[in-house]
Amino acid sequence: MKRPINKIAVIGSGIMGSGIACHFANIGVEVLLLDIVPFELNEKEQAKGLTLEDKIVRNRLVNDNLKASLKSKPSPIYSQKFANRISTGNLTDDIHKIKDVDWIIEVVVERLDIKQKVFEQVEKHRKPGTLITSNTSGIPIQFMNEGRSEDFQQHFAVTHFFNPPRYLKLFEVVPGPNCKQEVTDFLMMYGEKFLGKTSVLAKDTPAFIGNRIGIFGIQSLFHQVKELGLTIEEVDKLTGPVIGRPKSATFRTVDVVGLDTLVHVANGIYNNCPDDEAHDLFKLPGFIEKMMENKWLGSKTKQGFYKKTVNSEGKKEILSLDLDTMEYREKKRAKFATLELTKTIDKPIDRFKVLVGGKDKAGEFYRKNFAAMFAYVQNRIPEISDELYRIDDAMKAGFGWENGPFEIWDAVGIEKGIELMKAEGLEPASWVTEMVAAGEKSFYTVKDGATYYYDIPAKAQTKKPGQDAFIILDNIRKSNEVWKNSEAVIEDLGDGIINLEFQSKMNTIGGGVLQGINKAIDLAEKDFQGLVIGNQAANFSVGANIGMIFMMAVEQEYDELNMAIKMFQNTMMRARYSSIPVVVAPHGMTLGGGCELSMHADKVVAAAETYIGLVEFGVGVIPGGGGSKEMAMRASDTFRKGDVELNVLQEYFLTIGMAKVATSAYEAFDMGVLQKGKDIVVVNKDRQIATAKAHAKLMAESGYTQPARRKDVKVLGKQALGMFLVGTDAMEASRYISEHDKKIANKLAYVMAGGDLSEPSLVSEDYLLDLEREAFLSLCTERKTLERIQHMLKTGKPLRN
């Protein structure tokens, strides 16, 4: 069924309502955001002599909420310009406007009586066939539906976003008892294809899937922390990145989300799931009740499990809550022998066997924790989901887990998982026992590049639906490998297109990756039609391998360093001037050299969540892999008759000089890093490689012709150089920048001006690359540059010296 969504209404403008409105605006949908009329005037309104009848007063709540949301960090919107797609109003004067929308989303307070009143009003103005959904986190649909018309009920479902809606990928779809199947199918499709979410079909049970399992996991830890005598720092160390979870781990996450929010959901499960075998686990431990009593709710009250404070020396420090004394103390360093054994294991999925085998307190923690989780998730089928993969999808998309519970169980081994459960007095579910008895060795398998899951009713491996639009590199890497070295691998994507995947630490670009890029172009030019450069790690690339640059500079191996930079530049130019289309697919952090590679592609297919920029100033150098040249060239291409060319060039100069990083792919267009009419954005990162492949194939089939090397770059010479030098002098004199900052800026100025040419001239890319390389090398001889690089290598943060 074709159902275009051109305009939606969001009712309720709180944190979630405004966030949902912003995310629909992100994807180009027009949004009507509504909230109630204030009950009384505030002081400012009284002072201005306004009344409750003035429009500015009547829309105050919705406008203030949206304004606060747009100012919040991280931003809910890809570009502030997109906020123009949101119009605001109130539920008294503007409710009639919902007759013109395609979808109405209710996001008001979690009270059934209020939701029912809202739906009663909606029914009066909603045109038949319009989608109507609620963002409730647990109120049963049958109660919200009560008294509504047949058409309303046929188009009603829960669409549960996770906060913040832009960033968390989980989109739980819970159809009402009378909801049409075509509506459910549409919502599932729309969440994945348009909103960029992982759509998970859930049942109308308390807390649905994500929160039911997630809150169980946290409550389980709350009860284990004292039983095992662990500190909160130790639990956060054990439940963070080492097992593929966010850095905020457990207790930091609760502080950020708010303890009161967690308690609300936990109490809801406790009160509404009396038959849950882990019912008592959802009862709040004494220390949680004490924290609630003290209003130690986390970030919102300035203290929770952690507390930011200023010590006697005036320095900021973070204190930790001692759960025995309920007093704050200095943080303690957490260290476990078991974790040391995993340091050489790159992927979290490969660490689990080692972790559950640990001989120390960490090993005991993991055995107890995973046993409890395995036992709990197996028993939630078919209560909250008929398919096990939906539970894994929900935990990965909603809580940022790299691997879901059943994937972790697979990694440990099904029989080992059963052994862990039995050691804790827990029994495997009958379906698990039957599965093992039938000879099934895992919950998931991979066949012909597709993921299959164990289908419990069918008692067989079934292909996971919805994969046809994706290319999952993990699934094809071994079977489709064409070439590899220690830092890169080339895979055959089919249809004449190959993919180069970085596999270095943090996907840094060093000798092995550069070799991989050149090899991929060689192969594509000889035997294939096009090349995609993309990966599915957390980040595309954090840039060039600065450790290698540092070692060469310290050893004063300047000839070798010159050759290394020259090779980097040549590789970037090869990507641009090969005889086959090169499509780069950046996502996440795409910094320095990763940005330079993207800028030299025939086309960029960027994930919406791409944080891209030329950040080399932070380590005391200028972009040396073609980035400085590229910005000068893009400024030249932007010069238009009547433009003040110096002003245009200055904008591109400042993008490098201020080490600007786009907070979304859309912002990268405004910075000139991505180019309108050439580069595109995909909202769902899971579709990115497949989309990039499609574009490479289309370009090849349309008759791709190798571009001619540019010799027509207009540079402004002394005219621009003088402007830049005066500016950097003034900045240093005003103490906005250091002497070394000025030196870096002047080197960049020389490159982007095209040197000290006496008049504006047309030059080649190669001319600018030579200037760029010379400037980069000269900065590498500076002691302060080496200090900055060393500081970055040690701390991961830039040093201002």
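**Before selecting**

This is a predicted model, in which local features need pLDDT of at least 70 and side-chain atom pairs count only at pLDDT 80 or more, while totals for chains, interfaces and linings use all residues. Residues are numbered from 1 along each chain as its sequence is written, and side-chain values use heavy atoms, with hydrogens and water left out.

**Stop 1: helix α17**

Select residues 388–399, which form helix α17. Helices are DSSP runs of H or I with at least four residues, strands are runs of E with at least two, and both are numbered from the N terminus. The 12 residues of α17 reach 17 Å from the first C-alpha to the last, close to the 16 Å expected; the expected span is 1.5 Å times one less than the number of residues.

Is α17 enclosed or open? Because 10 of its 12 residues are buried, α17 is largely enclosed by the rest of the structure. Buried means under 20% relative accessible area, exposed means over 50%, and partly exposed lies in between (1.4 Å probe, protein chains only). Among the buried residues of α17 are Tyr389, Arg390, Asp392 and Asp393. Next, select Gly400, which follows α17 and has a positive phi, near 75°.

**Stop 2**

A search of the whole structure finds 57 salt bridges, each being a side-chain nitrogen of Lys or Arg within 4 Å of a carboxyl oxygen of Asp or Glu.

Select Arg212 and Glu383, whose closest N and O atoms are 2.9 Å apart in a salt bridge. Arg212 sits in helix α9 (residues 210–227) and Glu383 in the loop between α16 (361–378) and α17, so the two are 171 residues apart. Arg212 is buried, at 0% relative accessible area, whereas Glu383 is partly exposed, at 30%.

Move to Arg166 and Glu609, a salt bridge with its closest N and O atoms 2.7 Å apart. Arg166 lies in the loop between β6 (156–161) and β7 (170–175) and Glu609 in the loop between β21 (603–607) and β22 (610–613), so this pair ties together parts that are 443 residues apart in sequence. Both Arg166 and Glu609 are buried.

Then select Asp93 and Arg58, whose side chains meet in a salt bridge at 2.7 Å, N to O. Asp93 belongs to the loop between β3 (86–90) and β4 (103–106), and Arg58 to helix α3 (residues 55–58), so the pair ties together parts 35 residues apart in sequence. Asp93 is partly exposed, with a relative accessible area of 34%; Arg58 is buried, at 12%.

**Stop 3: helix α23**

Select residues 546–554, helix α23, and highlight Ile549, Phe550, Met552 and Ala553, which are buried. They cover an arc of only 165° around the axis, which puts them on the same side of α23; the arc is that of the directions from the helix axis to the C-beta atoms. Display α24 (558–576), α32 (765–780) and α33 (783–795), which are included in what covers these buried residues.

At the N-terminal end, Asn545 caps α23, with a side-chain oxygen 3.1 Å from the backbone nitrogen of Gly547. After α23 comes Gln556, with a positive phi near 55°.

**Stop 4**

Thr571 is buried, with a relative accessible area of 1%.

Glu560 also lies in helix α24 and is partly exposed, at 40% relative accessibility.

**Stop 5: the nonpolar cores**

A nonpolar core is a set of buried Ala, Val, Leu, Ile, Met, Phe, Trp, Tyr and Cys residues joined through side-chain atoms within 4.5 Å. Select Phe24, Trp103, Ile517, Leu531 and Ile533, which touch the most other members of the largest core, of 121 residues. A second, separate core of 110 residues includes Ile391, Met395, Val432 and Tyr444.

Conventions: Contact means heavy atoms within 4.5 Å. A polar contact is a pair of N or O atoms within 3.5 Å; within protein, one must be able to donate a hydrogen and the other to accept it, and residues adjacent in sequence count only if both atoms are side-chain atoms.
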